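Here's a quick briefing on a two-chain model with a ligand. Have the structure open while you read.

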Amino acid sequence: MIEELENILERYRKKGGNIIALLQDTQESLGYIPRMAVRFFSEELGIAASRFYGVATFYSQFRLKPVGRHKITACCGTACHVRGAEKIIGGLRKELALPAGEDTTPDGEFTLEEVACLGTCSFAPVVMVDGGVRGKTSADVIVKEIKAIRKKPDEG
Amino acid sequence: MKDNTVVRVCMGPAGIAAGGKAVLEAFRETLADRNIDAEVKEHCSSHQVGCLGLCARDVLVEIGRNGSKTSYQYVKPDMVGRIVAEHIVGGTPVKEWLVDETFDTFYRKQVKIVLADCGRVDPEDIDSYIAAGGYEPTREVLMTWIPDDVIEEIRMSGIRGRGGAGFPTGLKWELARRSKGDVKYVICNADEGDPGAFMDRAVIEGNPHSVIEGMLIGAFAIGANKGYVYIRAEYPLAVERLKLAIKQAYERRFLGRAIFNTQFSFDIEIRLGAGAFVCGEETALIASIEGERGMPRSKPPFPVNRGLWQRPTVINNVETLANVPYIIRKGWAWYASYGTEKSKGTKVFALTGKIRNQGLIEVPMGITLGEIIHEIGGGIEGNRALKAVQTGGPSGGCIPAGMLDLNVDYESLAKAGSIVGSGGMIVLDEDNCMVNMAKYFIQFTQAESCGKCVPCRVGTKRLLEILTRITEGQGKEGDIERLERLSRGVKTASLCGLGQTAPNPVLSNLRYFREEFETHIRDKKCPAKVCKKLLRYSILEEYCKGCGACMKACPADAISGDKKKPHRINPDRCIRCGACFEACKFKSVARD
Ligand SMILES: Cc1cc2nc3c(=O)[nH]c(=O)nc-3n(C[C@H](O)[C@H](O)[C@H](O)COP(=O)(O)O)c2cc1C
Ligand code: FES
């Protein structure tokens with residue numbers, strides 16, 4: 001991991017120092033912003049850790065916890081909301097048995113992410129499963145897919 | 001004779017979502033199998049936007065033969081064989097799969113300026129844009145105009161900012177031009193924060209070079225040599241196409257140094273937004289490009305005087321910029337011939353919700369809401385009744401069904417208590433609850449409030465609490481007045497546009513749907529049957545077959561009854577989740 005962080009740091013120095021870009025790079029390569037990454041950057045750059053956390057917690061893109069092996073992204077934008085996004089999200093949370101306030105299953109298999117609008121509103125309600133867009137969907141359809149993913153032998 | 005048959009398959013995000021790739025492959029294979037020499041293309045010109053005209057009908061396929069065009073809707077891979085056999089080989093279209101008559105009314109009232117080349121040009125090929133007259137406006141401006149000419153042209157066209165506030169673009173450029181400083185910036189705002197709108201995404205995906213050209217011309221007018229596009233990371237395809245377009249523009253030396261062998265040089269860099277609605281606000285956006293938390297600051301000083309890195313900066317929305325090359329090409333008088341006296345030109349809207357033709361539309365300013373809903377939109381879906389049209393997203397409001405003759409322009413919408421906004425237009429029917437909608441938007445703005453100023457941070461929270469308790473049956477006498485007073489406070493005292501507009505959905509819903517709030521508070525009922533906690537479930541004994549499906553579905557063990565005998569719901573145990581209502585095949589669960 002250290003090697004990756006060093007590369008990111010190098011790019012940061014070259015590009016003239018933009019914390020958002022640094023964190024975006026980190027998340028891109030590690031999937032989230034681990035504590036040790038922040039400590040590393042903070043020490044190397046002499047910038048207080050709070051500044052990194054300040055930025056990381058401000059923007060919804062950044063995660064401080066690892067992301068599950070499978071990512072389900074439910075849109076809760078307005079177009080999806082008026083077509084029942086709440087119901088879908090409720091149904092998926094129930095299926096995944098997500099503890100309140102958590103977005104990832106304890107076994108690290110699934111992360112349920114909520115975003116405001118994926119920009120395919122005419123297909124509302126929209127859910128993405130591992131990057132694939134499912135339009136005009138329902139909780140049942142996605143739950144079926146989750147079940148199928150669970151059954152499949154691990155491909156990772 | 002070589003048949004000049006072209007098959008166009010919609011491959012925008014919606015097309016891809018609907019299985020466009022499989023359809024495309026199916027066409028390629030079937031045609032190859034049968035040795036038919038026909039071109040299969042990824043973009044659907046009938047859509048006008050790569051994909052986005054009528055994406056609810058995806059996968060749309062257009063077949064062009066000897067000059068005539070035929071469009072199919074809802075195409076699936078297994079339909080391809082028959083289309084090829086009967087239409088391409090046999091010459092007779094498959095009637096039952098063709099688009100229906102509302103397909104034409106969708107286009108009839110539209111006027112395409114920004115979207116005109118979307119779908120016509122290949123967004124990944126600069127030559128295709130150049131062949132359509134692209135970069136000619138930039139060449140003309142750079143070689144033969146002076147900056148003041150550009151500003152005058154844009155000012156006379158009457159175009160106003162399409163990002164929401166509607167500030168006259170010519171004036172903004174003039175202020176930036178006059179602002180002192182040798183380093184200036186142009187920023188393209190592609191943050192598109194309104195949840196439920198995708199105009200800017202469509203423009204960038206469909207015609208990215210028009211945005212680059214708008215930035216070039218704007219930069220020349222104000223004297224900037226550097227530009228940024230701040231685009232949300234949630235739009236990967238748009239980011240990719242924009243990157244490619246910028247690269248191609250550099251290769252042709254439309255970007256970089258000495259463009260068209262003039263003294264003018266201009267560079268563009270992309271910055272990815274990290275997911276914060278407030279970063280659409282100018283000063284927050286600037287802070288974000290600088291790598292910090294996107295917190296707005298008070299204005300003045302305005303960005304045109306002190307913006308990015310304290311330098312004079314023009315921030316324009318994607319759609320605003322994409323209009324610019326067309327205004328230059330055809331002249332201000334042509335542009336100003338569309339629209340109303342104070343709102344010129346066209347506006348792109350993302351028409352979604354409970355409407356038949358969902359999709360992206362471009363209409364002249366001043367068109368009536370009724371024309372949009374009934375003619376372009378093809379009316380309400382199913383057999384429900386129109387309730388309201390929400391415009392302007394979290395900063396806007398709703399227009400009730402009774403006001404369909406309202407003109408859609410800046411002034412008329414503002415008078416009606418809403419805004420044109422960035423272009424989200426969400427159609428609501430009787431199954432949508434207006435208290436729930438108000439709560440939805442406040443929930444959004446409350447979560448997105450950056451927390452810098454108290455009226456917005458705390459005010460939205462209190463608004464949300466009141467709205468939440470109303471939807472949960474805990475509404476109190478006086479809550480409506482409380483909402484109104486608090487809303488006015490948040491509007492007046494907030495630091496930036498987010499807080500200043502956040503209460504709009506509440507005020508507007510109260511203005512037109514006050515009784516619905518009152519019913520929630522006094523009768524503890526939700527007429528649209530949306531607010532879960534206000535619903536009562538019971539079993540209609542005469543219809544109940546005693547199948548036990550509801551009993552199985554109930555997570556709270558609230559249903560009892562013997563097999564084949566009517567079941568019962570114990571109201572004390574019922575948690576009102578509605579599982580029984582959905583589980584019952586005989587419609588014997590009543591909900592009110
Ligand atoms: C909270 C908030 C969010 C905004 N979001 C956007 C946005 O996503 N896109 C946009 O173009 N303008 C947005 N704006 C408006 C911009 O601040 C600014 O007015 C606009 O980009 C100026 O460009 P224009 O004059 O071309 O419209 C937002 C404003 C506020 C207050
Ligand atoms: S609101 Fe869900 S995709 Fe836009």
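Predicted model: local features only at pLDDT ≥ 70, side-chain atom pairs only at ≥ 80, totals over all residues.

Residues are numbered from 1 along each chain as its sequence is written, with chains lettered from A and ligands numbered from 1 in the order in which they are written.

**Where chain A meets chain B**
- On chain A, 30 residues are in contact with 36 residues of chain B (contact: C-beta atoms, placed from the backbone, within 7 Å).
- α2 (19-30), α4 (49-58), α5 (78-81) and β4 (132-134) of chain A each put at least two residues into that side (helices are DSSP runs of H or I, at least four residues, and strands are runs of E, at least two, numbered from the N terminus).
- α2(A) has the largest share of it, four residues.
- By class, this side of chain A has 17 nonpolar residues, 12 polar and one charged (Ala, Val, Leu, Ile, Met, Phe, Trp, Tyr, Cys and Pro count as nonpolar, Asp, Glu, Lys and Arg as charged, and the others, Gly among them, as polar).

**Domains of chain A**
- Chain A is assigned domain 1 (2-58) and domain 2 (70-151), with bounds from an automatic or database assignment.
- The C-alpha centres of those two domains of chain A are 30 Å apart.

**Around ligand 1**
- The shell holds 24 residues, and B:Gly161, B:Gly163, B:Gly280, B:Asn317 and B:Gly497 come nearest (near: C-beta atom, placed from the backbone, within 6 Å).
- β8(B) gives the most to this shell, three residues.
- The shell around ligand 1 splits into seven nonpolar, 12 polar and five charged residues.

How values were computed: Contact = placed C-beta atoms within 7 Å.
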